[in-house]
Amino acid sequence: MLVLTRKINEKIVISTDIVVTVLSIDRDQVKIGIEAPRDISVHRKEVFEEIIKSNREALLDIKKKDNIISQIVKSKSLHRD
Amino acid sequence: MENESTAVIGIEVNEKDIIQFEKGLIGMPELKRFVLMDFEGPTPLHWLQSLDNREIGFVVSDPTLFADEYSIVLDKNAQEMLEIEKGDELVVMIVVTVKDNGREITGNLLGPIVVNASRRRGCQIVLDGTPYTTKEPLRRLKKTGEEKSNVKVGMGV
């Protein structure tokens, strides 16, 4: 990991066109601004990891497909009141 | 790749049915090609079959099974990946997780799949900063006609 120390309003450039700016520092929180090209997505890491984990849990072997569907259909929660 | 039909579990799939996920799914960037398949009978559930790994797929659902109103915003990144143009038809699908033999069924409202049906492009987006979770429970459908929820798709700037 590259470690840099920055003060408020100082910036970091990643590659040539991703710019990270320290906007404010408040006790234990830092507000960070990110400018990046449109094809690059930026997210809080823990949210990203939560979705990766969820995708892995949701992934099904095709052999289980029909079985799973009958389980869901039978599930009481799907029946209307 | 020349025009071809792909045999998937004994069913032929035409090129025109294939949905391209340029960046794959989150955490699974290698899964770039999918086809959406129906189950028998009326159901808001579909099967998203991977064509990159024929052994696997996902159960996906209309958001109505998990929320009666669902509001998402597509950032510029997603708009580009979906090649959105005016008049395109967008479909939002929720990845469903089934555990414990069907006793635990949850939906990922935090990371929905969005498909541009007009251009056969798809992506999974992250609704960072919203209260949605990856483990939303099934909700009871109160009345018939609730098979499709009220889904709002906003375009971020």
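This is a predicted model: local features need pLDDT of at least 70, side-chain atom pairs count only at pLDDT 80 or more; totals for chains, interfaces and linings use all residues.
Visitor: What makes up chain A, and in which pattern?

Guide: Chain A has two helices and four strands. Read along the sequence, they follow the pattern β-β-β-α-β-α.

Visitor: How do you know that strand E1 and strand E2 of chain A pair?

Guide: Two strands count as paired when at least two bridges are found between them. Strand E1 (residues 11-14) and strand E2 (residues 18-26) of chain A share four bridges, in the antiparallel sense, so by that cut-off they pair. One place to look is A:Ile12, which stands opposite A:Val20 in E2(A).

Visitor: What lies between E1(A) and E2(A)?

Guide: The two strands form a hairpin with three residues between them, and A:Ser15 in the turn has a positive phi of about 60°.

Visitor: How do you know that E2(A) also pairs with E3(A)?

Guide: The same test applies, with at least two bridges needed. A:Val22 stands opposite A:Ile32 in E3(A), and A:Asp26 has A:Gln29 as its bridge partner in E3(A). This hairpin has two residues between the strands, and A:Arg27 takes a positive phi near 55°.

Visitor: Why are E1 and E3 of chain A said to stand at the edges?

Guide: The sheet is open and has three strands in the order E1-E2-E3 (chain A), with antiparallel pairing. E1 and E3 each have a single partner strand, so one side of each is left without a neighbour in the sheet. Neighbouring strands here are turned by 25° against each other on average, direction ignored.

Visitor: Why is B:Thr134 called buried?

Guide: Buried means under 20% relative accessible area. B:Thr134 has 3% relative accessibility, so it counts as buried. This residue is found in the loop between strand E10 (121-124) and strand E11 (136-137) of chain B.

Visitor: What makes a group of residues a nonpolar core, and which residues have the most contacts inside the largest one?

Guide: A core is a set of buried residues of nonpolar kinds, such as Val, Leu and Ile, joined through side-chain atoms within 4.5 Å. The largest has 40 residues, and those with the most contacts inside it are A:Ile72, B:Leu45, B:Val59, B:Ile72 and B:Ile125. Elements that each supply at least two residues include helix H1 (45-58) and helix H2 (65-74) of chain A, along with strand E4 (33-38) and strand E5 (45-50) of chain B. A second, separate core of 15 residues includes B:Met28, B:Leu48, B:Ile56 and B:Met93.

Visitor: What does B:Ile72 touch?

Guide: Beyond its neighbours within four places in sequence, B:Ile72 is in contact with several residues, among them B:Val92, B:Pro112, B:Val114 and B:Ile125.

Visitor: How far apart are the C-alpha atoms of B:Val73 and B:Ile125?

Guide: They are separated by 9.1 Å, while the residues lie 52 apart along the chain. B:Val73 is found in strand E7 (residues 69-74) of chain B, and B:Ile125 is one of the residues that B:Val73 touches.

Terms used: Residues are numbered from 1 along each chain as its sequence is written. Chains are lettered from A and ligands numbered from 1 in the order in which they are written. Side-chain values use heavy atoms; hydrogens and water are left out. Contact means heavy atoms within 4.5 Å. Buried means under 20% relative accessible area, exposed over 50%, partly exposed in between (1.4 Å probe, protein chains only). Axes are lines fitted to C-alpha atoms, for helices over the stretch in contact, and angles run from 0 to 180 degrees between N-to-C directions.
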